[in-house]
Amino acid sequence: MFDGKTVLTGVKPTGTPHLGNYLGAIKPAIMLGAKALEQGGKHYMFIADYHAINAEKDAAVLNQKLKEIACTYLAAGLDPLKSVFYRQSDIPEILEITTILYAYTPKGFMNKAHAYKAAVEKNRLAGKPDDDGINMGLYTYPTLMAADILSFNTDIVPVGKDQVQHVEIARDIAGAINAHYGKDLLHLPSYHVEENVAVVPGVDGRKMSKSYGNVIPLFEDDKAIKKAVFSIKTDSRPLEEPKNPDEILVYEIYKSIATPEQLQEMGDGLRQGKLGYGHIKNMLLDAVIAEIKDAREKYNYYMAHFNEVEDMLAQGALKARPTAQATLKRLKDAVFGRE
Ligand code: ADP
Ligand code: TRP
């Protein structure tokens, strides 16, 4: 499916990644990129730092988050020699392309975009004016995202369901420009949603999310991970009482990480009243630590040697820019009639 295709993944530097992000977004994105590369395609992977400034105004926090996300992707196996790995803010052409796209972006698209609508809804619920605290960066976010995508002639954008609309907006804007000038100035992108990525529950049973404070941390030490795993909600039934594994949260979380054999073992033990909550929490803890051990070492290394990561990002920008420059030139020539 990726035969010679260009796959582009963007990620916002928002907060220290947790196990849910890792299993639900980071690993699948790296695997898709690797698949594209294997099939003779290209993989662009970038950190959307201009998107992040809409919400985060503390430069030190922003810088820390960028470091964490860059090191997380490298630790999780992104190969910066094969994938083009860069920071959005190092590619100024994206911003020029955004300005051109604005002229072809109906304001109504922005009114309908999910992120903006959600912010308005939140204000209404709080009894505040609709646009309270909403800046133009948030409002026009989908156009910048369109430029992220269109600058690199992207074929496929792997996204979560919430981002599908944004890729459709990029496609519509590109279509409008191509139609106006009567030629294929911009390549029309498609989205790809991985259907079998599980939503990992948090320690309280709701979706694992930093906003719920129910996460299992990713790259902290064993003690912190143990603390989170042992805080997973259980009940007071005794060990020997046979239990339905599907009603047990530890088992639900284990599903997203265990091999089929491991899962079978835990399921059987619960059904037969042979495993208690202490046992299964230890099994989950071992699986989490086994999963992240190597990545954690790499993460700590890169965080301590961020100058190496800076070099990788700089190299990535050098590789990425010529394509964005060519897209910008095509657009400017057409828009200003310079041909
Ligand atoms: P959070 O909910 O912690 O704020 P984000 O909304 O920043 O996480 O999500 C970043 C990425 O991680 C998204 O692609 C999202 O789909 C994925 N993700 C977040 N939480 C989970 C989870 N519990 N299980 C699977 N994927 C998740
Ligand atoms: N909007 C995406 C998110 O919130 C991040 C993003 C920005 C992106 N630009 C992109 C994703 C381009 C894919 C392609 O997760």
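Me: Which backbone atom lies 3.2 Å from a nitrogen atom of ligand 1?

Reply: Happy to start there: a backbone N or O atom of Gly20 lies 3.2 Å from a nitrogen atom of ligand 1. Such a pair is a polar contact, meaning two N or O atoms within 3.5 Å; within protein, one must be able to donate a hydrogen and the other to accept it, and residues adjacent in sequence count only if both atoms are side-chain atoms. A backbone N or O atom of Met208 also lies 2.9 Å from a nitrogen atom of ligand 1, and the side chain of Asn21 places an N or O atom 3.1 Å from an oxygen atom of the ligand. On its own, ligand 1 has 540 Å² of accessible area (Shrake-Rupley method, 1.4 Å probe), and the protein covers 70% of that.

Me: What should I know about the model and its numbering?

Reply: This is a predicted model, in which local features need pLDDT of at least 70 and side-chain atom pairs count only at pLDDT 80 or more, while totals for chains, interfaces and linings use all residues. Residues are numbered from 1 along each chain as its sequence is written, chains are lettered from A and ligands numbered from 1 in the order in which they are written, and side-chain values use heavy atoms, with hydrogens and water left out.

Me: How many residues surround ligand 1?

Reply: A residue is near a molecule if one of its heavy atoms lies within 4 Å of it. Here 13 residues surround ligand 1, and His18, Val200, Met208, Ser209 and Lys210 are the closest.

Me: Which side chains have an N or O atom by a nitrogen atom of ligand 2?

Reply: Tyr141 has such an atom 2.3 Å from a nitrogen of ligand 2, and Asp148 has one at 2.7 Å. For His51, a polar side-chain atom lies 3.5 Å from a nitrogen atom of the ligand. Taken alone, ligand 2 exposes 370 Å², of which the protein buries 89%.

Me: Which helix gives the most to the shell around ligand 2?

Reply: Helices are DSSP runs (H or I, at least four residues), strands likewise (E, at least two), both numbered from the N terminus. Helix α8 gives the most, with four residues; β1 (6–11) and α8 (141–150) each supply at least two.

Me: Which residues lie nearest the centre of the second largest pocket?

Reply: Leu23, Pro28, Met31, Asn196 and Val197 do, out of 14 lining residues. A pocket is an open set of points on a 1 Å grid over the protein atoms alone, where a 1.4 Å probe fits, with protein on both sides within 12 Å along at least five of seven lines; lining residues have an atom within 4 Å of a point. Helix α1 (residues 19–38) provides the largest share of this lining, six residues.
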